[in-house]
Amino acid sequence: MQAPLTIRRASAADREIIYQMICGLENMPINRPGFDAAFDRNITSPHISYFLAETGEKPVGMVSCHIQPLLHHAALVAEIQEMYVEPEYRSQKVGNALMEHVTAFAKGEGAIQMEVTSRATREQAHRFYQREGFEKSHVKLVRYFKNT
């Protein structure tokens, strides 16, 4: 029998777990010094929260939530920055549980809506988010800065 799923707020002690999950999300190793710098800054930010899903003591998924006041909404808006579920735990309601948790958190913080951006090629993720109540309503444009 599988241990029940729990979700908790991540702490600085969860750095390695989150690093491995972000590498899994990107399907490649992430620049470690860059990750560490971003993690150190984000984990202490009052505007960014990380949550880990665990079965027993085993981490099986994570979600990050950034809440900020946006002028064009005249309100707080939550955004999922990263979300990942270990492949062997997909289609077992882990993602759904993370979404319920982060949604309740964002509403509790006073956010009026939640946004998520997902790479165009991640069609399975798009279907998941749409099942969770997200609507395709915007186009994200990115300007990359080249090293010169």
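This is a predicted model: local features need pLDDT of at least 70, side-chain atom pairs count only at pLDDT 80 or more; totals for chains, interfaces and linings use all residues.
Exposed means over 50% relative accessible area.

**Entry 1: Lys93.** I started in the loop between S4 and helix H3 (94–108), where Lys93 is found. Is Lys93 buried or exposed? Its relative accessible area is 65%, so Lys93 is exposed. I then looked at its backbone and found a positive phi of about 75°, although Lys93 is not a glycine.

**Entry 2: Ala74.** Next I went to the loop between strand S3 (58–70) and strand S4 (75–85), which holds Ala74. Ala74 is not a glycine, yet it has a positive phi of about 50°. I looked up its accessibility too: with a relative accessible area of 72%, Ala74 is exposed.

**Entry 3: helix H2.** Here I wanted the helix as a whole. H2 has 12 residues, and from its first C-alpha to its last it reaches 16 Å. That is close to the 16 Å expected at 1.5 Å a residue. Which residue caps the N-terminal end of H2? I found Asn31 there, with a side-chain oxygen 2.5 Å from the backbone nitrogen of Gly34.

**Entry 4: Arg32.** Arg32 counts as partly exposed, at 26% relative accessibility. What does Arg32 touch, not counting residues up to four places away in sequence? My list reads Arg15, Glu16 and Tyr19. With Glu16 there is a polar contact of 2.9 Å between the side chains. For Tyr19 I noted the C-alpha to C-alpha distance: 8.2 Å in space from Arg32, with the two residues 13 apart in sequence.

**Entry 5: His126.** My last stop was helix H4 (residues 123–131), the place of His126. Buried means under 20% relative accessible area. His126 has 15%, so it is buried. Leaving aside neighbours within four places in sequence, I found His126 in contact with Ser118, Arg119, Ala120 and Lys136. I looked again at Ser118 in that list, and its side chain is joined to that of His126 by a polar contact of 3.3 Å.

**Page summary.** I marked Lys93 as exposed, Ala74 as exposed, Arg32 as partly exposed and His126 as buried.

Note on methods. Residues are numbered from 1 along each chain as its sequence is written. Side-chain values use heavy atoms; hydrogens and water are left out. Helices (H or I, at least four residues) and strands (E, at least two) are DSSP runs, numbered from the N terminus. Buried means under 20% relative accessible area, exposed over 50%, partly exposed in between (1.4 Å probe, protein chains only). A polar contact is a pair of N or O atoms within 3.5 Å; within protein, one must be able to donate a hydrogen and the other to accept it, and residues adjacent in sequence count only if both atoms are side-chain atoms. Contact means heavy atoms within 4.5 Å. The expected span of a helix is 1.5 Å times one less than its number of residues.
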